[in-house]
Amino acid sequence: MKIAIVGTGYVGLVTGTCFAEIGTDVTCIDIDQRKIENLKQGIIPIFEPGLDELVAKNVREGRLHFSTSLAESMEGVSLIFSAVGTPPDEDGSADLSYVLDVARTVGQNLDHYVVLVTKSTVPVGTAQKVKAVIREELDKRGVDIPFDVASNPEFLKEGAALKDFMAPDRVVVGVESEQARKLLEKLYKPFMLNGYRLLFMDIASAEMTKYAANAMLATRISFMNDIANLCERVGADVDQVRKGIGTDPRIGNKFLYPGCGYGGSCFPKDIKALSRIGRQAGYPMQIIDAVEAVNEQQKGIVFHKLSEAFGGNLQGKTIAIWGLAFKPETDDMREAPSLVVIDQLLAAGATVRAFDPVAMDEARRRLGDRITYCTNKMDAATGADAVALLTEWKQFRLPEWDKVKGVMRGNVVVDGRNIYDAEELKQLGLQYSRIGRGI
């Protein structure tokens with residue numbers, strides 16, 4: 001089977017590479033010529049463990065190709081996956097211009113039956129817009145060539161995307177015809193051999209499933225952050241509360257860890273888009289709006305704890321930031337809590353020394369020379385009045401705290417991910433603060 005993937009961002013590159021790995025002939029397409037040339041040379045535009053090796057292997061074995069032209073890549077393809085960006089507009093709605101551009105190109109060049117599959121996260125009803133654009137272009141050409149559209153939302157976790165794709169807990173596919181269903185069933189069959197579920201449904205339901213899934217996970221995070229903040233005020237321990245509710249099989253223990261807020265490319269964007277969809281449908285999404293409000297507030301909790309530790313005056317203080325990416329195993333800093341904390345610290349007159357294992361280049365791109373970039377966690381802590389953990393990378397999980405204290409000027413530690421042993425730090429004379437738990 002021959003397929004094309006439009007968009008070589010996170011979703012498109014992982015999708016194309018994994019399909020190539022099972023023997024499919026894949027062409028990944030992007031209008032960014034430099035990115036395509038880099039990919040041909042083995043230079044990967046994103047950090048994802050194992051992806052560079054898998055790309056190189058499939059290019060070497062002739063299954064994975066790169067191009068800047070969808071029109072030139074359509075010959076003989078059965079399926080075209082649209083994995084282009086859908087960035088939020090100012091009102092929070094998803095920008096569908098790139099999605100519709102793909103549809104327009106398909107309509108202008110279609111000469112045989114193809115299924116155009118939307119992989120991007122898009123609002124309900126997008127498939128009908130895509131179909132209308134293709135039909136309009138075919139009408140302009142005066143031809144009537146059969147085609148189908150489908151929805152196949154992705155559920156990849158950054159940092160574990162290859163495993164998620166190769167061994168999915170479920171694959172959701174929205175189709176309108178039996179022909180499209182059979183093609184997608186054939187493509188995904190190799191991934192289903194271990195009993196994973198391929199769920200077919202109508203297209204609107206598939207489009208909504210992606211938003212609903214991310215909204216539920218984001219809701220659990222904001223719920224636990226709300227509970228954690230209340231625990232601090234009433235003397236309860238949120239870790240014990242989390243265990244107490246997580247053992248209930250109706251609730252489960254996933255996504256119940258409080259912290260300093262979620263970020264990344266999916267949750268913030270999808271929450272805003274779902275809220276917008278609700279308003280357009282005349283049904284305000286009250287819970288979803290609250291989830292976003294709690295999360296935005298939570299991103300400032302590390303700053304507030306630092307400010308509290310220094311009596312409300314951070315002027316002239318040096319703060320070490322451990323972790324800049326929104327989560328471990330990625331260099332993605334989109335909507336990362338670190339960006340909020342750093343802005344607040346700088347506005348308060350503090351100096352920031354920061355280190356992240358993989359996101360330093362992305363941090364420089366976003367923050368310029370406003371902060372000091374360090375070579376490791378000890379370098380960041382050197383001369384610092386406080387250390388703040390924002391991303392729970394493995395190499396931050398078990399510091400030699402006596403050595404950390406030895407290079408610090410002060411003794412404040414703020415744990416934005418609740419991973420450290422409070423008693424250990426207290427015995428060393430460190431002033432330790434965490435979220436939802438007393439020392």
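Colleague: To begin, is Thr121 buried or exposed, and at what relative accessibility?

Modeller: This is a predicted model, in which local features need pLDDT of at least 70, side-chain atom pairs count only at pLDDT 80 or more, and totals for chains, interfaces and linings use all residues. Residues are numbered from 1 along each chain as its sequence is written, and side-chain values use heavy atoms, with hydrogens and water left out. Buried means under 20% relative accessible area, exposed over 50% and partly exposed in between, with a 1.4 Å probe and protein chains only. Thr121 therefore counts as buried, at a relative accessibility of 8%.

Colleague: Which residues does the UniProt annotation "binding site" cover?

Modeller: The annotation comes from an unreviewed entry; its positions are given in the numbering used here, feature names are shortened, and annotations may be inferred rather than shown by experiment.

Colleague: What distance separates the backbone oxygen of Thr121 from a polar atom of the Thr86 side chain?

Modeller: Thr86 lies in the loop between β4 (79-82) and α4 (97-109), and Thr121 in the loop between β5 (114-118) and α5 (126-141); helices (H or I, at least four residues) and strands (E, at least two) are DSSP runs, numbered from the N terminus. Thr86 is likewise buried, at 6% relative accessibility. Contact means heavy atoms within 4.5 Å, and beyond four places in sequence Thr86 touches residues including Ser120, Thr121 and Lys269. The distance from the Thr121 backbone oxygen to the polar side-chain atom of Thr86 is 3.0 Å.

Colleague: Which residue in β12 is the bridge partner of Ala320?

Modeller: Two strands pair if DSSP finds at least two bridges between them. Strand β9 (residues 318-322) and β12 pair in the parallel sense over four bridges. Within β12 (residues 386-389), Ala386 and Ala388 point one way and Val387 and Leu389 the other way, and all are buried. The partner of Ala320 is Val387.

Colleague: On the β13 side, which residue stands opposite Ala386?

Modeller: Four bridges join β12 to strand β13 (residues 412-415), and the two run parallel. The residue opposite Ala386 is Val412.

Colleague: What is the phi of Asn418?

Modeller: Asn418 sits in the loop between β13 and α17 (422-427). With a relative accessible area of 17%, Asn418 is buried. Although Asn418 is a residue other than glycine, its phi is positive, near 55°.

Colleague: Where is Glu335 placed, and what is its phi?

Modeller: Glu335 is in the loop between β9 and α13 (337-347), and at 35% relative accessibility it counts as partly exposed. Glu335 is not a glycine, yet its phi is positive, at about 60°.

Note on methods
Polar contact = N/O pair within 3.5 Å; in protein donor to acceptor, adjacent residues only side chain to side chain.
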